[in-house]
Amino acid sequence: MSDDAYMNEVAEAKKVVPTMTCETFWKREEQGDRPTVLDVRERWEWEAGHIDEATHLPLSQVKTDIEKLFPEKNEEIIICCATDNRSALAGKQLMEMGYTNVNYLSGGYSGYCCGLDNPAATAKEETES
């Protein structure tokens, strides 16, 4: 698949799959409402770091293995990748398989780690300065 075709597919997925911002994710974490996270990056990316308590399943295995990990199709699943392209594609695949409560994490693991708009991360940085 060409880069243009891939990015067109990503753009189409992002039109139909709901997104969750890192800020919303962090607020829910702070309130003790920990969403279920599915990380669709490759093994080497996962091993380099991931969101605590996330489940790992590379994008290439989503269609074949997702129902083993998440048999309840109405369970909330927040999908994460490095940025948010693969997670949007995975979200579209899940929706096509009948999953009804999926979102992709806007900014992906990179956004999560960078603390973009994360009040807790900002407060921590200010106290460390």
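Which helix holds both Glu12 and Lys15, and how many residues apart are they? Select them and you'll find both in helix α1 (residues 3–16), three residues apart, about one turn of the helix. Helices here are DSSP runs of H or I with at least four residues, strands are E runs of at least two, and both are numbered from the N terminus.

Before moving on: this is a predicted model, where local features need pLDDT of at least 70 and side-chain atom pairs count only at pLDDT 80 or more, while totals for chains, interfaces and linings use all residues. Residues are numbered from 1 along each chain as its sequence is written, and side-chain values use heavy atoms, leaving out hydrogens and water.

Back to the pair: Glu12 and Lys15 form a salt bridge, with the closest N and O atoms 3.1 Å apart. (That term means a side-chain nitrogen of Lys or Arg within 4 Å of a carboxyl oxygen of Asp or Glu.) Lys15 is exposed at 62% relative accessibility; buried means under 20% relative accessible area, exposed over 50%, and partly exposed in between, using a 1.4 Å probe and protein chains only.

Next, select Glu76 and Arg28, whose side chains meet in a salt bridge at 2.7 Å, N to O. Glu76 sits in the loop between α4 and β4 (77–80) and Arg28 in helix α2 (residues 22–30), so the pair ties together parts 48 residues apart in sequence. Arg28 is buried, at 16%.

Now go to helix α4 (residues 62–69), where Val62, Asp65 and Ile66 are the buried residues. On the face turned away from the buried side, look for exposed Lys63, Thr64 and Lys68.
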